[in-house]
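The following note sets out a set of points on the structure shown below. Please read each point against the coordinates.

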Amino acid sequence: MKLMPELIVKKSKFGKGVFAGRDFKKGKHICFLKGKIMGLKAFYYLDKLKRGSMDPLQVNENKYIVLDKPYLLINHSCNPNAGIKGKNELFALKNIKKDEEIFYDYSTTMEESFECKCGSKNCRKKITNFSSLPKRIQKRYIQKGAITSHIMKNL
């Protein structure tokens, strides 16, 4: 499935993933993650109806973007090549080659935790909230500007 010339959805080792349709230089904009914004209560109610199948992007303490396809298909990695800044802007943390899968670290966007199976050489085995990350990893993401605005304001 082709999103736009820059991004392509295809088979990944995690099921489906989003891949670069062109090269992205370090620091450059990739896309804005889009979907419906909802409050915490509405999100939990809808998630319960859908039996936990939603994968939202937390944008503040009480608001989430329920990501539209294909954005919800961008997978996590403990060694990401992309990050999120502001509310929902995905950008390249390093040079990304055409046909390379795009990943960001879910820990930079949320206040929850769950098991990690990314398989990267530095996998933390658990995706946690930002404040639970090791200080050196927090510092690296802060220096690169790769955390959402709602987490940045709470630092």
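1. In this predicted model, Arg 124 and Asp 105 are joined through their side chains by a salt bridge, with an N to O distance of 3.0 Å. The pair connects distant parts of the chain, 19 residues apart: Arg 124 belongs to the loop between strand 12 (114-115) and strand 13 (126-127), and Asp 105 to the loop between strand 11 and strand 12. Asp 105 is buried, its relative accessibility being 1%.

2. A salt bridge is also formed by Lys 10 and Asp 99, whose closest N and O atoms are 3.7 Å apart. Lys 10 sits in strand 2 (residues 7-12), while Asp 99 sits in the loop between strand 10 (89-92) and strand 11 (103-104); the pair therefore ties together parts that are 89 residues apart in sequence. Lys 10 is partly exposed, at 33% relative accessible area, and Asp 99 is likewise classed as partly exposed, at 43%. The cut-off is 4 Å between a side-chain nitrogen of Lys or Arg and a carboxyl oxygen of Asp or Glu, and by this rule the count is 2 salt bridges.

3. The cysteines deserve a separate remark. How many disulfides does the model contain? The count is 0. Cys 118 takes part in no disulfide, and the nearest cysteine sulfur, which belongs to Cys 116, lies 3.7 Å away.

4. Helix 2 (residues 135-144) has Ile 137, Gln 138 and Tyr 141 as its buried residues. Viewed down the helix axis, these buried residues fall within an arc of 100 degrees, and so they line one face of helix 2. The face turned away from the buried side carries the exposed residues Lys 135, Arg 136, Lys 139 and Gln 143. After helix 2 comes Gly 145, which has a positive phi near 70 degrees.

5. Which residues does Gln 138 touch, leaving aside those up to four places away in sequence? They are Phe 130, Ser 131, Ser 132 and Leu 133. Gln 138 is located in helix 2 and has a relative accessibility of 8%; it counts as buried because the cut-off is under 20%.

6. A nonpolar patch on the surface is formed by Ile 142, Met 152 and Leu 155, with about 260 Å² of accessible area together. Met 152 lies in helix 3 (residues 149-152). The relative accessible area of Met 152 is 36%, and this residue is thus partly exposed.

7. Some totals for the protein complete the note. The protein has 3 helices and 13 strands. Of its 155 residues, 46% are buried. Where contacts join residues at least 6 apart in sequence, 60% of them are between residues at least 24 apart. The accessible surface of the protein amounts to about 8,800 Å², and carbon and sulfur atoms account for 52% of it.

Conventions
Residues numbered from 1 in each chain as written. Predicted model: local features only at pLDDT ≥ 70, side-chain atom pairs only at ≥ 80, totals over all residues. Heavy atoms only, no water. Helix = DSSP H or I, 4+ residues; strand = E, 2+ residues; numbered from the N terminus. Buried < 20%, exposed > 50% of the residue type's maximum accessible area, 1.4 Å probe, protein only. Patch = residues over 30% accessible without salt bridge, like charges linked within 9 Å, V, L, I, M, F, W, Y side chains within 5 Å. Areas by Shrake-Rupley, 256 points an atom, 1.4 Å probe, with all protein chains shown as cover. Arc of directions from axis to C-beta. Disulfide = S-S within 2.5 Å. Contact = heavy atoms within 4.5 Å.
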